Amino acid sequence: MAAGKDDDPRLSKPASRRASATRTGDSSHQSTGARHRHRRVPALRAMRCAAEQLAELLGREPESVSALKPTEDGWQADVEVVELERIPETTSVMASYRVTLDEEGELIGYERHRRYTRGQIDRPT
């Protein structure tokens, strides 16, 4: 009987563990880790990936990507989403989600870190 993809032990370990094993110098993964290291997706693609994947998870279309920065393992983006539409629009409830992407632009985590009304202006600190 031929081995299927479910029999491959590399697929049973989460990607984050495979990556950390490579970074920590595990000799069994060291030679293949360097070969399979992917180049980080460009910033524009990371912005699109963050917005599209978050929309799929939340069921709401993002308004914008307000921040994007490279990280050691990929990208971190702040994505603004309307959570509750109100009239007038300046009273709509918005949320800012922090989205974490891997180097290939795949969403690996997100969290809502701020809620505010659309008309709210941040005060200088």
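Of the 125 residues of the protein chain, 26% count as buried, where buried means under 20% relative accessible area, exposed over 50% and partly exposed in between, with a 1.4 Å probe and protein chains only. This is a predicted model, in which local features need pLDDT of at least 70 and side-chain atom pairs count only at pLDDT 80 or more, while totals for chains, interfaces and linings use all residues. Residues are numbered from 1 along each chain as its sequence is written, and side-chain values use heavy atoms, with hydrogens and water left out.

The protein chain holds four helices and four strands, arranged along the sequence as α-α-α-α-β-β-β-β; helices (H or I, at least four residues) and strands (E, at least two) are DSSP runs numbered from the N terminus. Among contacts with a separation of 6 or more, 39% join residues 24 or more positions apart, a contact being heavy atoms within 4.5 Å.

Within this chain, Ser 96 lies in strand β3, which covers residues 93-102, and Ser 96 counts as buried because its relative accessibility is 4%. Leaving aside residues up to four places away in sequence, Ser 96 touches Asp 78, Val 79, Glu 80, Glu 111, Arg 112, His 113, Arg 114 and Tyr 116. Of these, Glu 111 is 15 residues from Ser 96 along the chain, and the two C-alpha atoms are separated by 8.6 Å. With Glu 80, the side chain of Ser 96 makes a side-chain to side-chain polar contact at 2.9 Å, that is, a pair of N or O atoms within 3.5 Å of which, within protein, one must be able to donate a hydrogen and the other to accept it, residues adjacent in sequence counting only if both atoms are side-chain atoms.
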